2 protein chains.
Amino acid sequence: MQTITSYQQQIEDALKNKKYGSDPKELYDPISYIMSLGGKRLRPLLVFMACDFFDGNTSKAIHPALAIELFHNFTLLHDDLMDKAPLRRNQSTVHEKWNNNIAILSGDAMMVRAYQELCMSKSNSLPQLLDIFSDTAIKVCEGQQYDMNYETISKVSIPQYIKMIELKTAVLLGGALKIGALLGDASEENAQRLYDFGKNIGLAFQLQDDILDVYADASKFGKQKGGDIIANKKTYLLLKALEMVEGNRFMKEELHQWINAPHFDAEEKVIAVTNIYNFLNVKELAQNEMQKYFELSLTYLKDIPVTASKKEALIAFAESLMVREV
Amino acid sequence: MQTITSYQQQIEDALKNKKYGSDPKELYDPISYIMSLGGKRLRPLLVFMACDFFDGNTSKAIHPALAIELFHNFTLLHDDLMDKAPLRRNQSTVHEKWNNNIAILSGDAMMVRAYQELCMSKSNSLPQLLDIFSDTAIKVCEGQQYDMNYETISKVSIPQYIKMIELKTAVLLGGALKIGALLGDASEENAQRLYDFGKNIGLAFQLQDDILDVYADASKFGKQKGGDIIANKKTYLLLKALEMVEGNRFMKEELHQWINAPHFDAEEKVIAVTNIYNFLNVKELAQNEMQKYFELSLTYLKDIPVTASKKEALIAFAESLMVREV
């Protein structure tokens with residue numbers, strides 16, 4: 001297998017040379033802008049890795065890899081608009097830099113560009129790749145809708161939350177791996193195993209995100225730290241805390257006071273809620289849950305008939321995702 | 001060739017039986033809602049007609065036809081949101097009935113459903129169908145962006161306007177016909193001729209729309225009559241009038257006063273601007289332009305090697321579009 005750096009280089013080179021269109025510039029500039037903001041390029045990397053996992057010829061992975069990255073950034077663009085988020089990777093979001101209508105429409109064009117990119121793959125499996133791509137895409141939309149629904153309902157269970165992050169975040173990692181596997185001529189069964197591996201890594205990854213929002217090193221964190229607490233975002237941490245304070249009247253009142261406060265000092269709220277989390281050991285519970293999905297993911301690799309060294313490379317990469325700080 | 005009624009029946013039956021998804025209902029209900037509002041189903045009809053134009057077996061047309069109709073309704077959903085339109089076919093628009101975020105996200109899901117529907121076609125030409133579909137889709141986005149841009153720039157030329165409506169409206173009729181033609185195993189050359197036929201019919205169709213907004217029988221018109229005048233929408237009629245009043249200081253002042261008035265009585269404005277249009281004969285000029293594109297469209301049919309009776313059926317249908325009242 002090639003190195004992560006080599007895949008990353010191929011992805012960055014392809015992205016650098018990519019033109020999304022020129023006129024009207026209000027339609028295409030936002031696409032170039034959001035695609036240039038960087039990021040881990042995790043999803044296209046997974047396409048490359050999965051292809052290489054089965055077949056060393058990764059040249060056929062580039063278009064599907066870019067298609068997945070385009071689709072992912074499209075979802076960020078529209079999600080930021082729906083969430084009224086001012087910043088993405090420490091830069092203005094598209095609706096802030098331009099306006100809401102441009103964010104809607106350039107996002108739409110981006111989704112079309114993602115499909116076009118995928119169709120540039122001359123793979124015989126194109127119909128299957130399209131099926132996985134669309135199936136994943138629709139699930140991501142479902143996940144975002146559940147996420148928005150959960151903002152306004154008072155009781156969200158942890159299983160509901162896990163289902164939501166599975167749809168919104170985890171299936172796209174699974175989809176990227178499955179598409180890569182099929183490009184590498186994997187059987188449907190083995191491609192599905194990589195999908196399930198990726199989906200569980202994705203769940204672990206999102207739980208890590210929830211943890212980092214509260215506990216990351218602020219200097220390395222690309223978003224507003226404690227943003228989830230300020231916004232009462234129903235993360236694993238908050239839902240677990242809400243579940244645990246049920247038996248403790250004093251703590252329940254305090255947590256609900258912070259959640260329901262119409263006016264508050266943001267820093268003060270972050271500190272107070274973090275203290276509750278610390279008292280309840282919510283961070284450790286989230287880490288345990290994360291570990292559970294991580295270990296579950298590994299079980300799907302076991303029966304795939306590839307060399308141990310290939311599996312080790314994939315596992316090492318997955319482990320590196322779990323110790324990130326940003 | 002089958003009758004229009006027979007195609008329409010097949011389309012309505014397919015739409016009636018179509019399920020777009022169930023959970024979360026906030027994502028899927030708006031899709032069912034907008035698809036149930038009716039409309040002429042013109043674009044899927046064109047897919048059927050074009051397929052039948054070359055090959056009587058139209059069973060393969062149904063999925064691509066629905067894909068085009070889904071895509072078209074997706075653009076209506078997002079355009080209505082961007083235009084803040086309260087009504088669509090005399091019913092509440094999706095962002096009014098639900099909210100802006102639901103309109104964004106259910107539109108996104110609808111586009112994915114459109115691609116999924118297209119991919120249900122087991123045609124060997126699927127890669128070409130996808131290319132035409134995406135190429136058309138991106139042009140529709142470009143057209144909508146130009147349309148929004150033209151709202152805020154003071155001088156828009158008639159060629160700029162024609163280019164905009166070509167992208168926003170006309171290419172989708174062309175794309176529907178080209179997809180239908182390829183499903184009917186037409187050659188690329190003949191499929192392109194039907195595309196050009198459809199594109200010019202589309203231009204004529206949009207000019208007709210501009211005329212109807214001012215001159216339609218209000219009782220049969222599904223939108224707010226004179227809505228374009230109230231909103232200063234730069235239609236062919238307004239652009240032509242602005243061009244013509246350049247030499248007439250009094251009339252120029254009057255027209256610009258209405259355009260620039262921050263407050264006005266809507267009915268009074270519609271009557272006054274219509275009077276200017278009437279004085280300038282703008283309706284007839286628009287009709288001439290419409291006729292020009294209609295006649296141009298017919299030239300593309302000439303060299304297609306199908307029977308005269310098939311061409312007559314297609315022309316008769318195109319003519320029926322030009323005398324519509326709604």
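Predicted model: local features only at pLDDT ≥ 70, side-chain atom pairs only at ≥ 80, totals over all residues.

Reader: Where is D185(A), then?

Author: D185(A) sits in the loop between helix 8 (158-183) and helix 9 of chain A. Its phi is near 60 degrees, which is a positive value in a residue other than glycine.

Reader: Why is D185(A) called partly exposed?

Author: Count the C-beta atoms, placed from the backbone, within 10 Å of the residue's own: 20 or more others make it buried, 12 or fewer exposed, and anything in between partly exposed. D185(A) has 16 such neighbours, so partly exposed it is.

Reader: What makes N232(B) partly exposed?

Author: N232(B) has 15 C-beta neighbours inside 10 Å, so it lands in that in-between class. You'll find N232(B) in the loop between helix 10 (227-230) and helix 11 (236-244) of chain B, with a positive phi near 55 degrees.

Reader: Why are helix 12 and helix 13 of chain B called roughly antiparallel?

Author: Axes are lines fitted to C-alpha atoms, for helices over the stretch in contact, and angles run from 0 to 180 degrees between N-to-C directions. Under 35 degrees is roughly parallel, over 145 roughly antiparallel, 65 to 115 roughly perpendicular, and the rest oblique. Helix 12 (residues 249-260) and helix 13 (residues 266-280) of chain B pack at about 150 degrees, with axes 10 Å apart. That angle is why helix 12 of chain B is roughly antiparallel to helix 13 of chain B.

Reader: How do you know which residues make that contact?

Author: Two residues are in contact if their C-beta atoms, placed from the backbone, lie within 7 Å. Here helix 12 of chain B brings M251(B), E254(B), L255(B) and W258(B), and helix 13 of chain B brings K269(B), A272(B), V273(B) and I276(B).

Reader: What classes do those residues fall into?

Author: Ala, Val, Leu, Ile, Met, Phe, Trp, Tyr, Cys and Pro are nonpolar, Asp, Glu, Lys and Arg charged, and the others, Gly among them, polar. The contact of helix 12 with helix 13 of chain B has six nonpolar, no polar and two charged residues.

Reader: How many residues do chains A and B put into their contact?

Author: Chain A gives 30 residues and chain B gives 30 residues. On the chain A side, helix 7 of chain A supplies the largest share, 14 residues. That side of chain A divides into 19 nonpolar, seven polar and four charged residues.

Reader: What is the peptide bond between D23(A) and P24(A) like?

Author: The bond joining D23(A) and P24(A) is cis, with omega about -5 degrees. In chain B, the bond from D23(B) to P24(B) is cis too, with omega near -5 degrees.

Technical notes. Residues numbered from 1 in each chain as written. Chains lettered and ligands numbered in written order. Helix = DSSP H or I, 4+ residues; strand = E, 2+ residues; numbered from the N terminus.
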